[in-house]
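Let's walk through this model together, starting with a term that will come in handy along the way.

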Amino acid sequence: MRVLDFSAGRGAGTLAAKKISESVGFEVAGYEPYSNPNTRLTAPEYEGIDSIKNIPDNSQDIVINNAVLNVVPESTAVEILRQIYSKLKPGGRAFINVMGWSNIKGRLNNPQTKLVGPREVLTSKGTFQKGYTSQTLRSLIERVLPSASIERTPYGDVGFEVTKPVKE
């Protein structure tokens, strides 16, 4: 079984999955388009924005996307969802979770945090955060991946399991 940590960040999730994979026997790889050698815990197998081309389409049994869509504008989230789906094998599953709006709106208590769009803020550190509800994330996934099966999960503030049909 092949598992891809998509937009692996510092690589904490990749390392945790690799530790589990040692006893279970599956392959884990990380993809990070903006890897920072100074802050990462491990180097991803696929590093840099163009390295996505090195991951074959229809090659991954599982793709994990943890707390990524909430730090990018919706147009980028759409592209990420399409990329994830293209890498899934037919019958493969993606686990997508994000920070929810209930978590992010609490940051508005800081006067340096600014509301910049519907459920979107620029934090006091200047980082972008989009808060999703279960309904808004489901709607985005359904719009971008209409043939996918979508089920709510308990992972993250808001999470979904997206399954690519065996035959589209």
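A residue is called buried under 20% relative accessible area, exposed over 50%, and partly exposed in between (1.4 Å probe, protein chains only). This is a predicted model, in which local features need pLDDT of at least 70 and side-chain atom pairs count only at pLDDT 80 or more, while totals for chains, interfaces and linings use all residues. Residues are numbered from 1 along each chain as its sequence is written, and side-chain values use heavy atoms, leaving out hydrogens and water.

With that in place, look at helix 4 (residues 134-144), where Arg138 and Glu142 sit 4 residues apart, about one turn of the helix; helices (H or I, at least four residues) and strands (E, at least two) are DSSP runs, numbered from the N terminus. The side chains of Arg138 and Glu142 form a salt bridge at 3.6 Å, N to O, meaning a side-chain nitrogen of Lys or Arg within 4 Å of a carboxyl oxygen of Asp or Glu. Arg138 counts as partly exposed because its relative accessibility is 27%, and Glu142 is partly exposed because its relative accessible area is 41%.

The count of salt bridges comes to 9. Another one joins Asp61 and Lys89 (3.4 Å, N to O), linking distant parts of the chain: Asp61 belongs to strand 4 (residues 60-66) and Lys89 to strand 5 (residues 88-98), 28 residues apart. Lys89 has 28% relative accessibility, so Lys89 counts as partly exposed. Arg93 and Glu161 also meet through their side chains in a salt bridge (3.5 Å, N to O). Here strand 5 holds Arg93 and strand 10 (residues 158-163) holds Glu161, 68 residues apart.
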